[in-house]
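Here is a short briefing to read alongside the model. Have the sequence and the 3D view open, and let's walk through the strands together.

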Amino acid sequence: MRSRWFPALVIACIAFLGVAAYTGITGGATGLVSGLRSLAVPAQRAVTHTAVGIADTYNKYFNYDDLVAERDSLKKQVDELQQQLLKSEDAVSENESLREMLSLRKNSDEDFTYETAEVIAREMDDWSTTLTIDVGANGGIEVNDCVVTAGGLVGYVSDVQPYSATVTAMTDTETHVAAMISRTRELGVAEGDYQLMSDGKLRISYLPREADIVIGDQVITSGTGGIFPKGLIIGSVESVKTESDGMSSYAVIQPAVSLTDVRQVFIIVDGAHPEEEDGNE
């Protein structure tokens, strides 16, 4: 089939070129010329498509190195921008930490030394409420150090490892803190409670039955007991109830610091430590 059609195709191409040259000279076009032009359209398209393909292949082959270089350059720029973003985030975090520390110093009657730490783990169930922080004995942390944020009291250090420490939270049943109602100076003990712990709350116990306490009253540390300095915010009164013996009252406290949200804490590293106490009162 190829040998039969090939001469005819050659003749048609020669005729087409001749007609094209003639019409280019005379500016006219007969019916025959128009017919030949119509027949030549598919061939023109095929030639054009092939030429474009050859050009694309050429560009891809000879420009490959340039494309690779451009890709590598863009990747380097992205890496640099990511590094800048991380540095900016670190700067923002550091500034926030400094602002919180300044707030702590401003609101405290004592000039404490603070160590900053990040919360790296949480254990919050019906039996205990603890946090793990990323600073330990090598950072000067000791058992019974007080742990706070700018918002208030978090808890105390109950266990120390070289590079981490466990913080027993205010809502844990192992915590007992000498406290008072800020407005009336009524004294009591802020402590964890099994029934309240799952709701993230605690109580202040041993209040006089006739104590003047209202919802919203602020509860702070009283400063007795040797671990927790005076005036740290524990939380606010949510409700007031009478003990089962009918002789005294207790108040349910909403902590000032949300343990599920806290990310950074401050440890008071030069506070007083009682010699024979186990982290309570």
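Through how many residues does a hairpin join β3 to β4? The hairpin runs through two residues. Please keep in mind that this is a predicted model, where local features need pLDDT of at least 70, side-chain atom pairs count only at pLDDT 80 or more, and totals for chains, interfaces and linings use all residues. Residues are numbered from 1 along each chain as its sequence is written, and side-chain values use heavy atoms, with hydrogens and water left out.

- Strand β3 (residues 146-149) runs antiparallel to β4, and four bridges join them; strands here are DSSP runs of E with at least two residues, helices are runs of H or I with at least four, and both are numbered from the N terminus.
- Within this pair, Val-148 stands opposite Leu-153 in β4.
- Strand β4 (residues 152-160) is mostly covered, with seven of its nine residues buried (buried means under 20% relative accessible area, exposed over 50%, partly exposed in between, with a 1.4 Å probe and protein chains only).
- On to strand β5 (residues 165-169): five bridges join it to β4, again in the antiparallel sense, and a hairpin of four residues links β4 to β5.
- Asp-159 has Thr-166 of β5 opposite it.

**The barrel**
- Six strands close into a barrel in the order β6-β7-β8-β11-β10-β9, with antiparallel pairing; two strands pair if DSSP finds at least two bridges between them.
- Strand β7 (residues 187-191) pairs with β8 (residues 202-208) over three antiparallel bridges, and Ala-190 has Ile-204 in β8 as its bridge partner.
- β8 and β11 run antiparallel and are joined by five bridges, with Pro-208 opposite Ser-248 in β11.
- Strand β10 (residues 233-242) and β11 share seven antiparallel bridges; Val-237 is partnered there by Ile-253 in β11.
- Five residues separate β10 and β11 in their hairpin, and Gly-246 in the turn has a positive phi of about 75°.
- Strand β11 (residues 248-255) is largely enclosed by the rest of the structure, because seven of its eight residues are buried.

**Around Lys-201**
- Lys-201 lies in the loop between α4 (194-197) and β8.
- The side chains of Lys-201 and Glu-238 are joined by a polar contact of 2.7 Å (a pair of N or O atoms within 3.5 Å; within protein, one must be able to donate a hydrogen and the other to accept it, and residues adjacent in sequence count only if both atoms are side-chain atoms).
- Leaving aside neighbours within four places in sequence, the residues in contact with Lys-201 include Thr-171, Leu-196, Val-252 and Ile-253, where contact means heavy atoms within 4.5 Å.
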